[in-house]
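User: Hi! Could you walk me through the contacts in this model?
Analyst: Happy to, let's bring it up.

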Amino acid sequence: MKASNPLWKERLASQVPEHLAVEIDTFETEIELRSQDKIDEKVFAETRLRRGVYGQRYDNGQRSDGNESKTLAFADKVTKGPHTFWDAPGMQRIKIPFGGLNPEQLEVLADLAEEYSDGIAHVTTRQDIQLHFIHIEDTPALMRRLAAVNITTREACGNSVRNVTGCPYMGVCQDEAFDATPYARALTAFLLGHPDAQNFGRKFKPSFSGCSQHACGLAQMHDLGLTAVIREVDGVEQRGFKVVVGGGLGAVPRQAKVLDEFMAPEEMLPTAQAIARLFGRHGEKKIRSRARLKFLIEKWGMDKFKEEVLAERAKLPEDPRWTDLIADIEADEEQPRNPPGEMPQLNGNVQMNHWIRTNLRDQRQDGYVTATIALPLGDLTPNQLRSVADIAREFTNGTVRATVEQNLVLRWISKSDVPAVFQALDAAGLGEPGACSVSDIVACPGTDTCKLGISSSRGLAAELRNRLAIKGVQLDQAIQDLHIKISGCFNSCGQHHVADIGFYGVSRTMQGYKVPHFQVVLGGQWEENAGSYGLPVVAIPSKRVPEALDRITDFYLRSRESNERFPKFIKRIGKVRVRELLDDLTKDAPEHDADPTFYADWADPRQYSIGDIGKGECAGEVVTQYEFEMTAAERLVFEAQVQLDEDDAAAAGQTGYKAMIKAAKALVLIQYDDVTEDDPDEVVEEFKERYYDTEYFFDPFAGAKFADYLFAAHESPNDASTPDSARTRIEEAQLFIEAVHTCYNKIRTVGLKLNV
Amino acid sequence: MELQHVRVKLFVDGELDVDLEKVMETFHGWVANQSLPELLIDVVDYRHVPHGPSVMLIGHEADYGLDNTDGRYGLIYNRKSALDGTNDDRLAQAIRSAAKVCTLLEVEFPSLKFSLREFEFTINDRAIAPNNAETKAACEPIITAFVQGRLGVASSNSNYDRDPRSTFGATISLESDLDWAALAAQ
Ligand code: SF4
């Protein structure tokens, strides 16, 4: 804890806006009360989450050294939340609406990363900035310093309206309808702390896009997505938004559905308010896994949802802010610092020429470009943040934006300044070419810091980056154009669903040891505004993922039809062929002693484990039979995907259900070997009695969620007959299978007494 | 002036000639065995960040790291918890802690050597020590006396020249070799 914490309040008193000062004072008091055990730990946990103060891996005081789980001897104080030590460092998420940053804010972020964190600021896939290893006592001082430059962490996490994201090119993009930035700013101000947005069962994520064809803002995968559109009425152009709702990734991904093809700007804020009220009132509260807006829409159907939104909107008491916040919006336009220019003749600087090709985009304003600063894994140092501030001051009016691809974008660079900007960036170690190309890999925190991480998404991303960077410009353009995104688990914070090639972390057992794996996710699409979501094809051991990637990309180059894009190619050849291509990589693990690195994750030399799992005690027939059944279950999920690809949704839904029964049977067989899937009722009954009623199957974070998938499917096996519902069934079957693996590993390690 | 949150960097002599993956392995071993006085929590890999912290060992009271800021590798000790005692005690504690880890790493990696003629110190807290002339005026005599008294060598040069936005600190060059090992053993 910093000795200086009490000093900041007085020093910054005149600079912190009143409403933020009150908010931070309140939080400081709550910290004090919790430290005296005068606030319940669960209440305090939600309180701090709503200020962006998040947990981090090992904050339960347990850490595996590879062989066994060891206790981290944090002082015996009150907790910060259930199973969360007070002294355990955590993550501070800092909301940056639509990623917009100015030089003063960049400098404060630099100072905070240096003084409170580990010297790195991290740009997230939702345009937030995250600092890691923060002590809870330091957070009020940190928040005051942010508030002094008009940044709040309020509602950065928790069951609240999260950061309002937006395309980083809004206002300068050649393809946009109009600049949606001021509207994003208005929605942020309107919903922040709004009383109608305080009673959600889960988070609510809004996003803005300037056009419908590019994925820069990802409006399609948000709870509330607003895309700028212009229509002409009687020869007069009118601005408005196409409004979509109920999108999201995570365990059960959904494309958003259209609420309104054209909404007038004056209706934007009251409609958002009406949606928030409905979500707060009718959204699921008890079962977290069903508590996002997409499930309410699914339950009601889109027609009823629309009716309810309109009815709620009609009932709202008039609020002057609906129009005040969007008044004079055209005066809000960014201005350049330097006059427009011409691109100078390129010299022989190979790196700069490459950077110009890949990192610059022409603005719609003649003579200006945007420059993307490619950040490795979204990370940058305090010195680099200050350099970006300097460059933004010297060459622009201080206009910087963070992107959903974990980069920064400088806007309004006069073309004649391009060489000087490159040189300044390069001197700061920020001149890397290849922005938004195959080597600019997006990755969530994964096992580095996230409590839910299963495999090392950042370790894998760093490894693939290095390998792709070596190949560099020699890579075929078709490969350079691919997008790779990696998540440490199925929750998809790395947005693996919308990558050309996505990966998410899972674990498997090979040779009696746990081995980190990644599911290869194909069929997703970044183009056309993240137009489709991918599905897992096969799980590959982490250390073989680079080989898998080489095979997929080589195969694509060899077998594509002229100029065929990757998603179309995958659709044409089918996932079965890809699976065949990679099949041998899933087998024949080396003996542990011959290659122990195979049993460790990328950038983490410890023997891989989840929690305190080591080499198990069970062996022999039961294990063999279990593995046999589970292999069959995974094959069934895959078959279901193929059926869905072949437009046979009803069969896909049925096969997904069978896969669940097969996996449940695998677990039951450990105890009771007379069970047969010819009688699914018996499988489910035995599973329920042995694993559900005893809570052995419960996930520490998700509770009964995965078992509920099985019970729901069993209750109505034929219900998943539309493409959407079959897709959900497949996703749920996949997650159920992962949960069976987890439960099995727990049994082997802890040796639970299972007989009932 | 009370100096808290001292951060010191002991520079690697010459080019870094060690596999950082192996250094991470060593750090993981230290976490497993809680080999240092602080509560050790985790190991972080920032090798992908140019001129960044490289590999770090995160602790509760302090962080360690083989840091590459400004393109110069060195062992850093960054004190996070406040400490009682005098300014000299706090400066000495930071240098001793860093020196101890340098010694351990030199044993583990014989190709790794740390300079005995130079170190960098920083007060990693802008409220306590804003990077300005006043702080320099108050702090410089404290540092000079510390180097001559507690470390027992004369400083040939103290460079306080930094970006005004940086934390306050200086790079101190010494007239004769410091005995890190003896310091570490204190
Ligand atoms: S995808 Fe999983 S591992 Fe990655 S940040 Fe999200 S919850 Fe954590």
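**Domains and interfaces**

Analyst: Chain A splits into domain 1 (7-147), domain 2 (173-331), domain 3 (350-427) and domain 4 (612-756), with bounds from an automatic or database domain assignment. This is a predicted model, where local features need pLDDT of at least 70 and side-chain atom pairs count only at pLDDT 80 or more, while totals for chains, interfaces and linings use all residues. Residues are numbered from 1 along each chain as its sequence is written, chains are lettered from A and ligands numbered from 1 in the order in which they are written, and side-chain values use heavy atoms, leaving out hydrogens and water.

User: Thanks! How many residues do domain 2 and domain 4 of chain A each bring to their contact?
Analyst: Domain 2 of chain A gives seven and domain 4 of chain A gives eight, where contact means heavy atoms within 4.5 Å.

User: And what area do domain 2 and domain 4 of chain A bury between them?
Analyst: About 650 Å², with 53% of it on carbon and sulfur atoms. Buried area is the accessible area (1.4 Å probe) that two parts lose on being put together, summed over both. The centres of these two domains of chain A, taken over C-alpha atoms, are 37 Å apart.

User: How many salt bridges between domain 2 and domain 4 of chain A?
Analyst: Two, a salt bridge being a side-chain nitrogen of Lys or Arg within 4 Å of a carboxyl oxygen of Asp or Glu. Glu732(A) and Arg290(A) pair up in a salt bridge, at 3.4 Å from N to O.

User: What classes of residue does domain 2 of chain A use on the side that touches domain 4 of chain A?
Analyst: That side has three nonpolar residues, one polar and three charged. Here Ala, Val, Leu, Ile, Met, Phe, Trp, Tyr, Cys and Pro count as nonpolar, Asp, Glu, Lys and Arg as charged, and the others, Gly among them, as polar.

User: Switching topic: what area is buried between chain B and chain A?
Analyst: About 3400 Å², 55% of it from carbon and sulfur atoms. On the chain B side, His48(B), Arg126(B) and Arg165(B) lose the most area to chain A, together 19% of what that side buries. The contact involves 43 residues of chain B and 44 residues of chain A.

User: How many salt bridges cross the interface of chain B and chain A?
Analyst: Six. Arg63(A) and Asp42(B) form a salt bridge, their closest N and O atoms lying 3.0 Å apart. By class, the side of chain B that touches chain A has 17 nonpolar, 14 polar and 12 charged residues.
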